[in-house]
Amino acid sequence: MGDVAAVFKAYDVRGLVPEELDAGLTRSIGGAFARLVRSEEPGTTSVVVARDMRPSGGELSAAFTDGITALGLDVVDIGLASTDMLYFASGHLGTPGAVFTASHNPAGYNGIKMCLSGARPIGIDTGLGAMRDDVLAGPGDSDVAADAARTGTVTTVDLLDGFADHVRSFVDVPALRPLRVVADTANGMGGLVVPAVFDALPFDLEVLFAELDGTFPNHPADPMQPENLVDLRERVLATGADVGLAFDGDADRVFLVDERGQSVSGTLTTALVARSVLRREPGATIVHNLICGSVVPEVIAEGGGHAVRTRVGHSFIKAVMAREGAAFGGEHSGHYYFRDNWRADSGLIAALTVLEELSASGGTLSELLEPFDRYATSGEINARVEDPAAVIERVAQHYAGSPQDRLDGLTVESGGWWFNLRPSNTEPLLRLNLEAADAGSCAARVAEVRTLIDGAG
């Protein structure tokens, strides 16, 4: 069996196939998920299962399904799907769900993102930790009894059209104008869901690398990395497109490229979508994570909304959205969450919201975003250190005279600039995000903080 300790992460299961994640381990995880579902949602009789286009997906999802049905729960198999399509299925059908995907990771990886009914998140403190311990403990007598009593059934259901209708319901379709759109789906699940959603819309859509191919023959499905946007930027310029959309492997994240071929940060996209939401719902609460730039809470306040700052990570954002009754949540990393999407994230809903705003503006995307481009940012900078906690304390001490908080790592505000330094969940890395008034100040401050990190390391 694979490596149990290695594959259970903060928000999902993920590992190399078959060295860390194989069919035997996956079947055990399916059984653990079934037991978690029984514990958290007594009376639940079925689970929805999906997979992305990775070569190992068929075998692993079949083993996971066996683990669930052996414990008497039925499986609704929706086949190939994006992660936001799995969340739709969970909400629409009212069932827990799981999708086999490793998102933006290389081809050798696979994993499982899981949720309870209504797309409620499962993280290490809200079910994944218990599942890991369950797998490590091995099957008990209750499993044998359940196995003997009933084996669950498997039903195949096609939800693609329903999902596409749901995504389109977030915008005023008659108000859209015939924009030219290039979407780079990077051989990921966007190749399935993007054409389905755009089919009934008035856009001139061109899809790059639409073939579903989990070996990623053209470039990695990680739009966070600038080198993976090169093809999209070139095509936008070559065709005179109004906007470029870059999706990751499981198509739950989207990054924008404007008509000049310039990439748009997740912060600016969050600000634009937040403004759109507030126009529809004045006074709404909007959630943003703490590495979003200052423009986000500023735009929310200017729109009459209430901004709530959260930790990084979908399980935290979704929990805060539920507690606060938030209409929308945004992360700098390209995840965008919508209350009316069961508080789940969807790159496609965010993309259509941007296209609706662009349609209404009558101008270009760069012109639409110009009022939000108020500060210079570093982007996320990773530093490998031996003892992340010790480095954070050393940096905090250096800035002891400045306002600080520990919501997620260390955030320091210091006279017109700020930074957040937080540890990776899975590696001995520190992640630095910094914002200042202009590019020169930003570069100088980054160098200052990096010197402290390197010196402390």
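Colleague: Which sense do strand β1 and β5 pair in, and over how many bridges?
Modeller: In this predicted model, strand β1 (residues 13-16) pairs with β5 in the antiparallel sense, and the pairing runs over 4 bridges. Within that pairing, Leu 16 stands opposite Tyr 109 in β5.

Colleague: Okay, and what about strand β4 and β5, how many bridges there?
Modeller: Strand β4, which covers residues 97-100, is joined to β5 by 4 bridges, and the two run antiparallel. There, Val 99 stands opposite Lys 113 of β5.

Colleague: And what does β5 do with strand β6?
Modeller: β5 and strand β6 (residues 120-121) also pair in the antiparallel sense, over 2 bridges, and Cys 115 has Pro 121 in β6 as its bridge partner. The hairpin of β5 and β6 has 3 residues between the strands, and in it Gly 118 takes a positive phi near 70°.

Colleague: Why is β5 largely enclosed, then?
Modeller: Because 7 of the 8 residues of β5 (residues 109-116) are buried, the strand is largely enclosed by the rest of the structure.

Colleague: Switching to helices: is Ser 366 buried or exposed?
Modeller: Ser 366, which is found in helix α14 (residues 365-369), has 18% relative accessibility, and because buried means under 20%, Ser 366 counts as buried.

Colleague: What is Ser 366 in contact with, leaving aside neighbours within four places in sequence?
Modeller: With those neighbours left aside, Ser 366 is in contact with Asp 258, Glu 259 and Arg 260.

Colleague: Which residues are buried in helix α12?
Modeller: In α12, which spans residues 314-324, the buried residues include His 314, Ile 317 and Met 321, and just after this helix Gly 325 takes a positive phi of about 65°.

Methods. Residues numbered from 1 in each chain as written. Predicted model: local features only at pLDDT ≥ 70, side-chain atom pairs only at ≥ 80, totals over all residues. Heavy atoms only, no water. Buried < 20%, exposed > 50% of the residue type's maximum accessible area, 1.4 Å probe, protein only. Contact = heavy atoms within 4.5 Å. Pairing = 2+ DSSP bridges.
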